Amino acid sequence: MTYLRKSWYALPNLLRFVVRRLFVGALLCLGITFVSFALTQVVPGDPVSANLGDRAASDPEIVAAFRARYGLDQPIPQQYALYLERLVHGDLGESQQTHRPVTTDLSQYLPATIELASAAMILALVIGISLGVLAAIARDRWPDQIIRVISLAGVSVPTFWLALVTFYVFFFKLGIAPGVGRLNPGGKAPPSITNMFTIDALLAGQWATFGIALSHIVLPAAVLAIYTIGSITRFTRAAMLESLSQDYVRAARAKGLPTRTVILRHALRPALAAIVTVAGMAFGRMLSGTVLVESVFSWPGIGQYAYKSALALDLRAIMGVSLVVAVIYILVNMAVDLIYAFIDPRIRLG
Amino acid sequence: MAERQPLLAIEGLTISLPTADGGRASAVRGVDLSIGEGEIVGLAGESGSGKTLSALAVLGLLPGGAKTGGMIHFAGRELSAADGRAQAELRGKDVAMVFQDPMTALHPMLSVGRQMTEHLVFHRKIGRAEADKIAIDMLERVRIPNPRAAMARFPHQFSGGMRQRIAIASALVTGPKLLIADEPTTALDVTVQAGILRLIEQLRRELKLSVLLITHDLGVMSALADRVYVMYAGRVVERGARAEVLARPRHPYTRGLLDALPHGSPSDHPLTALPGSPPAIGRFPAGCAFHPRCRFAEDICRADIPELRDVQPGRAIACPVDPLSAVPA
Amino acid sequence: MSLLSIRDLVVSYRGHSGGTVTAVAGCNLDVEAGQIVALVGESGCGKSSLGKTAVGLIHPAGGSVTFDGERVVPLGRKARPAPQRRLQMVFQDPFSSLNPRRKIGDLIADGIRVSEGHGGRRFSVGECLERVGLSAGIADRFPHQFSGGQRQRIAIARALAADPRCIVADEPISALDASAQASIANLLVELVEELDVGLLFISHDLSIVRRIADVTAVMYLGKIVEMAPSEALWQRPLHPYSAGLIGAITEPDGEGRLPADLPGDVPDPAAPPSGCRFHPRCPIALERCSVEEPAWRLLAPGRTVACHRAEAALT
Amino acid sequence: MSDAAPLVEDVPARPRRRLMRRSAWTQPLGLVGAALLVIIVLLAIFAPWLTAHGPIDQVGRRFMAPSAEHWFGTDQIGRDVFARVIYGARVSLPYALQLVIMASVIGTLLGAIAGYFGGWIDGFIMRAADLVMAFPDIILAMAVVAALGPGLFNAVLAVVVVSWPIYARVVRSMILTIRDEPYVQSSRLLGVSTARALWVDVRPNVMGPLVVLAALEFGHAVLILAGLSFLGLGAQPPAPEWGSMVSEGSKYFDKWWLSVFPGLAILLVVLAANFLGDTLRDALDPRTAKAFR
Amino acid sequence: QEAGTLVVDTAFQLKTADPAREFEPTANLVLHPVYETLITFKGSDLTKLEPSLASVPTISSDAKTFTFELNPAAKFSDGSPVTVDDVIFSFNRVKNVKGSPSFLLDGVTVAKGSKDGEIVLTTEQPDPGLPYKLANPALGIVNAKVVKANQGSADEGADKTDRADTFFATASAGSGPYVLDKFDMAAEVVLKKNDAYWGAKPNYDQIVVRNVDTSAQQMNVMRGDSQIALDLRPDQLDAIKDTAYTLSVPGADVVFMFTNSNPEISKVAANRDFQQAVRLAIDYDGLLEIAGEGAARPGSIIPTMFAGALPTAEGPKRDVEGAKAALAKSGIKDPVIELTYVSDITKNGISFADVAAKMQADLKEVGITADLKPSPVSTFLDNYRAGTLPMTIVWWGPDFPDPSDYLLFGPGEKVGLRAGWKEGTAPEVAEIAKKAAVEIDQTKRTALYDEWQKKLNEQGPFTSLFQPAFSMASSKTLEPVEYNAMWTIDLTAIAPAKQ
Ligand SMILES: Nc1ncnc2c1ncn2[C@@H]1O[C@H](COP(=O)(O)OP(=O)(O)OP(=O)(O)O)[C@@H](O)[C@H]1O
Ligand SMILES: Nc1ncnc2c1ncn2[C@@H]1O[C@H](COP(=O)(O)OP(=O)(O)OP(=O)(O)O)[C@@H](O)[C@H]1O
Ligand SMILES: [Mg+2]
Ligand SMILES: [Mg+2]
Ligand code: NI
């Protein structure tokens, strides 16, 4: 025991941190599978009705075949045990509505959402941080007030409504934005590597496709980003005000450094640490919150998939989505902590 | 001590700050101050008396919304205190500043080397390597062990005393003529403080540095300063050579401050506290701001703001009564 | 048996990377009724840890604390046993030691109410306030309406509400302006005399300690290295660290004397030096100091030292 | 004591709430937010007197554009959109309030329990919070709706499940910091039990941030409930709920008034709540405001 | 957008591209051009069989044997000819994988005929409706060799052994004018021209069917981003009339309501007079208005476009006084009844909540209180199929375009039981149904269905409310498009406008 303990502490901090977080994360995932499994069990309603045609659902033979195929004929604890056993082998079961392995479904829909959410995150970070910094510099003067109203409006506007309005205005009225979907109708997707079209197009050097994919992502990403822009602006402002009031910023100014350097290098850096945390949480929220935007822009992502799965009581798909969203949430938060430690040398992981 | 050619002269400096309710309050109310070349001048006073603000005004680093008046002469140049831009030229190059708390005055996320050289590179327009060399030299001068390795480390890896040395070194790499040290030892332990005081003295000698030493610790003042200014409620109440002011204070406030300090052996004098507490900014009493706490206050103290007047060569007090003129400490 | 008696006290914290920081590494200290014992040392040497453990705020990792013959039970979730409420503490920062949302009167009444049943006197709120030099009329004000010195008085009044027999004051004056320092110091001295309480006065300021303490204990890196009557210590420190501390004091006498420099800083308590913990900074260290820890021994009446060369210093 | 005469008299009483850095009420935005909220509440209360039509009365032709008669036009079955929007406040506000109250009470309790007991109880509650935060909301909401049937109250229940952790975290972390504050320690030394210290010393200091948090969360609650209704998981037609009105209206995009006005109503309410909440947060002692991060 | 590409927007209802397993509208839409069936329909007419891979069948007099002749010219997209074996394989596969469409071939045996290229289907019971089932894209003929090579099986136990659905998600093995190019259930299905097609060349090189939210569909057509929008609401057509062809016709789904005749479920609902009161209380015209322009109301349960449908006039009419009288007669004072409906899906854009609210108001007028019980579809279907709902609004989509599909509404039949209509409670109705099921003569058959429906209206718990309109818009760059209740629109028939 002591030996184990000793060798544990002998590991490098970073490794120890990652191992510990992964372990905790795995436990959390186990909890997630349990909760999602339990949820799908408590919900009244039989996947048979939801997934078979009317005629088929009243044919006992077909129903039996259906149940057998999805393992629904087994006792409930056994179903869960079987699920876990398959999970260990990376098998999330088969979706009842798409008749495909859930992993296949996820590998198709998840990248679309990640692409969208990442684009939104990048927008939110760039705009949010810039506005936040501006507001902090102009504290209590009119630019600050204006930015404040903008950012509060950002966190106040209902996304689903904004999606409709912007689509109407930019696509229909002005014709600036391209239509729905990830590519133009019938457009060839770039060779699939990550399944994120912008990245795949870049990897394949297909510039035209890249341009199209990018133009399609801008509007939904902007809509998705609005809320996060608002919150990041507020956080950046607060964090900047705090770091601007620090002695080390005064010291930097006293050294005669130009204002830009002082703000970007000295004041923004510590603020970034706080922002990264907020951004990490926002990313997690975006993943499961995309459904509203996805449906308006016909974005074939995980939000719509989750919504449909839940509608059809597609047990394995529901569990798969819950699990994968949780895994991403955990990984993102771990990444955030790593970035945090990278930004701030005082933080010692472990 | 002989008056030297003043390097910095502040004339009639006033500073007012916006208050929460939208008004303004005077924090510094007409300060004259001069520092000769190679001279260490101490600026003493209780918390809130305006010491830091006065120093920041020299660098044009006052908080947003502050309004200033008066003139600043530096090395023959004449700057209006109200025009922050002029002072900006001095910052880092001619005038450097060290802050009270070394724990917070160094950037926690930038390496020591980076912090030592960034302004050097900026001001002198030299390369990184050259800047590094200068910085390492300076670290050596302030007795940081193994300066080359220290450059790559981060502030939190140093103790408080070491950090203050690094902060001082960082302020001095550009070869400024004046160092403003705002309570450089308050946050440090006595044994460490001794080292820093010795270091400042040594640097003054070696680099022909002028130092404005801000402190409320009269002991530190006594160890280092050539001349002393004592501030109260935004005004200088007493000025003179260190030995004169500390050994024979003439302003009741200076005297009260000294009496409250435990020094000498316990039989020398009992600890006597000044009654009350220093007034907050915006609530300075009329007349001599010190009069409510002054044992000797007379009617005139309540009526007029006393001017700083010369009472001996190089010695001035702002007290119309001068009750201590004959009383030895 | 002393009023407050600390024996072989060890306090450690769990630090990063699973290591432990031993902040107090075996200390002995006694406080008698009516006595002021000062504990001085540089920042981080473990003064606060010792003080907090003495009143039961921290679980000691070893050793014992007894108050009035009873073992001091570390605070759990339950209310503190009545007899131990006569052991009180005053904190350093007068801004955070008073609940900003509660009236002064309530704060003090708290102390009076809950400390019933320990056999002490029962005061009124007004009495408590007047005892520390404040007027009884301020009871319905909030802490933020007072200056630092006044707050510290209120904090002391609160401690007094429990009619304590012993007070541990952790740097009660270091956050204050010079004149407020003097007045609080004077107040404490008066209270000790008047109420015959014992006072453990933690400070890093030797000159004030010299003024008010009967006995001074000097602490270095988790260990008390010297204990002596204050004036005797000041006149002839037996431990080189005590000497260094005294030498580093600046006097506001206008003479322009630079204080003596003690090289180096207090080392990290997570990795204390071997042997005598002071040896890396010690101007008179011997070979032996780096390997053998000096014994804690009585050298003269009331004078205890832990230094290999203490005997030499005495003569 | 002679030299330290009580000097209370010359310390003029400063404004009472120093914790409010600047009074929240002097801030224009906060004022605007508060005023807006008051107006909206009044509109909701006096809705029957403000419009001649009920929210589900079919009073005109279908798809009448806004006019003097029907300020916001009429909808797909001839109902007055203005009346529906006004009455919508009677739906959204009470449910959002319910949500905030339930979530904050549950969250505060759990946070307090975690902070008070520590150890495995703390671990358990906090892991549960993690789990809930990592769980996709939409699936949870749909499960609740499937189990209990659609309806705004059931949507509220679903959202409570996902929103208590934020309160629990804030409360717990504040308890943990305040617990080590010298003023709590000194109370404890005087003989106050932990439970009482929590009540007397910690509670008043937690209340402020909690109220601010709740104000900010109120806007969020309105948004989430509207979003769920938009998906058909919340309010059911013909209830005049803004989210479901936007959803219905979105099918007639050229009849812009159907979805624009309820959308604006949501925006306005949330904005007002955020104006107020944000101003309060700013006004709060910056030290405690940190707990929100 | 590429030339030669047709873009169709629809809100996907799609689960798989495996014909033997599909049973969703969107699958019918996209698989119809890929997998040809033995026989087919032209245009919007579902009453007349047309030859496709095979001739129109000859039917034996007992309506138990159906003989088809394969067209020898037919070949699959890989060039191999369509053989009898392929047909047998395809049909057996549908039966044995036990998917949603399996019931279409319940009791049907498929075998080689005596002649080359002859296929014989035999049924256990007389089934004159069988040929009408065979046009369903689920019964499309697949290339047996290819499917077998991809883990396909048509044998007994294929429900466990057949794994060809993975293959069908990426490729196709049919004989239609198009082949599957891309199948993405969330985003789009892309069809590519089958270069080896044995019939007339298709009009487009590529057809893209996109999954688009209803609200965006209209904008897309108006902006020319797509050519056809399939899921509009009748109300939406006004705005688009000038820029596109619009079409609003009754869809094949029938929205109906029932009051449960099982007294164990609800004493109130089961009361015959109460049922009558409800029937007379409903404002059918008002409901039709909610359903919008283009919606229709069948006289009974069979939708208007099918053979055997009753004219609207034969259906119940609103009669408030009559309803009150019936209610009085029932002896039930202030009846309260739960009205359950699906809350999370709509039928051609009509939300059941609107319908329920309207009915609630109508019932109120005669003194019946309806408690609205919205329910998500997943739980609704369970309760509906278990027959535990006292009163509900629900819909029936035809499984195949033949009136026999509706015999399920009879007493003791599947849907009848859901409304608590037990076997033996209406022997008259059952009797007529039995005759109608086996009648081959078209005129007699129609007459029997007429009679059956009239009796159903009289004695049954069901009341049909309306057929929601199918509303679509198509670009003026195309020839006008026709609606087909089986595959929505025939993608192969769409052609660019003639200049
Ligand atoms: N940024 C600011 N905004 C508002 N008031 C300020 C600001 N900085 C300083 N003040 C006020 O101005 C007055 C003078 O401050 P200053 O910092 O110069 O005092 P000081 O003599 O340096 O005191 P200390 O010994 O505490 O450092 C104080 O009352 C202080 O509260
Ligand atoms: N809660 C804690 N967790 C971990 N380490 C601690 C904790 N509190 C104190 N320490 C460490 O214990 C050592 C002694 O701390 P302590 O606060 O007792 O010193 P001190 O003498 O009171 O210092 P100061 O003069 O700065 O108040 C320090 O190194 C400190 O870092
Ligand atoms: Mg200062
Ligand atoms: Mg301490
Ligand atoms: Ni003296």
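Gln151(E) is exposed, with a relative accessible area of 53%. In this predicted model, Gln151(E) sits in the loop between helix 4 (144-149) and helix 5 (158-161) of chain E. Gln151(E) is not a glycine, yet its phi is positive, at about 65 degrees. Most residues other than glycine have a negative phi.

Ala233(B) also has a positive phi, near 50 degrees, and is likewise a residue other than glycine. The loop that holds Ala233(B) runs between strand 9 (227-232) and strand 10 (235-241) of chain B. Is Ala233(B) buried or exposed? With 4% relative accessibility, Ala233(B) counts as buried, whereas Gln151(E) is exposed.

## Ligand 1 in chain B

The residues that surround ligand 1 belong to chain B and include a run of Glu46(B), Ser47(B), Gly48(B), Ser49(B), Gly50(B), Lys51(B), Thr52(B) and Leu53(B). Leu17(B), Pro63(B), Glu183(B) and Ile281(B) complete the shell. Helix 1 (residues 51-59) of chain B provides the largest share of this shell, three residues. Sorted by class, the shell has four nonpolar, five polar and three charged residues.

Oxygen atoms of ligand 1 take part in contacts with both backbone and side-chain atoms. A polar backbone atom of Gly48(B) is 2.8 Å from an oxygen atom of the ligand. For Lys51(B), a polar side-chain atom lies 3.0 Å from an oxygen atom of ligand 1. For Thr52(B), the distance from a polar side-chain atom to an oxygen atom of ligand 1 is 2.4 Å. Ligand 1 taken alone exposes 630 Å², and the protein buries 64% of that area.

## Ligand 2 in chain C

Ligand 2 has a shell drawn from chain C, with Glu42(C), Ser43(C), Gly44(C), Cys45(C), Gly46(C), Lys47(C), Ser48(C) and Ser49(C) among its residues. The shell also contains Tyr13(C), Ala23(C), Glu171(C) and Pro269(C). Which element gives the largest share of the shell around ligand 2? Helix 1 (residues 47-55) of chain C does, with three residues. The shell divides into four nonpolar, five polar and three charged residues.

A polar side-chain atom of Ser43(C) is 3.2 Å from an oxygen atom of ligand 2. Backbone atoms also approach oxygen atoms of this ligand: a backbone N or O atom of Cys45(C) lies at 3.3 Å, and a polar backbone atom of Gly46(C) at 3.0 Å. On its own, ligand 2 has 630 Å² of accessible area, of which the protein covers 61%.

## Aromatic pairs

Over all chains the count comes to 41 aromatic pairs. One of these is formed by Trp71(D) and Phe82(D), a tilted pair with 4.8 Å centre to centre and 55 degrees between the planes. Trp71(D) lies in the loop between helix 2 (47-50) and helix 3 (81-117) of chain D, and Phe82(D) in helix 3, so the pair ties together parts that are eleven residues apart in sequence. Trp71(D) counts as exposed at 53% relative accessibility, while Phe82(D) is buried with a relative accessible area of 13%.

Phe256(E) and Phe409(E) form an edge-to-face pair, 5.2 Å centre to centre with 75 degrees between the planes. The pair links distant parts of the chain, 153 residues apart: Phe256(E) is in strand 13 (residues 254-259) of chain E, and Phe409(E) is in the loop between strand 18 (391-396) and helix 15 (414-418). Phe256(E) is buried, with a relative accessible area of 0%, and Phe409(E) is buried with a value of 0%.

## Ring cluster and charges over rings in chain E

Phe256(E) and Phe409(E) belong to a cluster linked by ring pairs.

Lys133(E) lies over the face of Phe400(E), 4.6 Å from the ring centre.

## Chain A

How many helices and strands are there in chain A? Chain A has 16 helices and zero strands. Along the principal axes, the C-alpha atoms of chain A fill a box of roughly 85 × 70 × 40 Å. Chain A has 350 residues, and 59% of them count as buried.

Methods: Residues numbered from 1 in each chain as written. Chains lettered and ligands numbered in written order. Predicted model: local features only at pLDDT ≥ 70, side-chain atom pairs only at ≥ 80, totals over all residues. Heavy atoms only, no water. Near = heavy atom within 4 Å. Polar contact = N/O pair within 3.5 Å; in protein donor to acceptor, adjacent residues only side chain to side chain. Areas by Shrake-Rupley, 256 points an atom, 1.4 Å probe, with all protein chains shown as cover. Helix = DSSP H or I, 4+ residues; strand = E, 2+ residues; numbered from the N terminus. Nonpolar A, V, L, I, M, F, W, Y, C, P; charged D, E, K, R; others polar. Phe/Tyr/Trp six-rings, centres within 6.5 Å; stacked < 30°, edge-to-face > 60°. Buried < 20%, exposed > 50% of the residue type's maximum accessible area, 1.4 Å probe, protein only. Lys NZ or Arg CZ within 6 Å of the ring centre and 35° of its normal.
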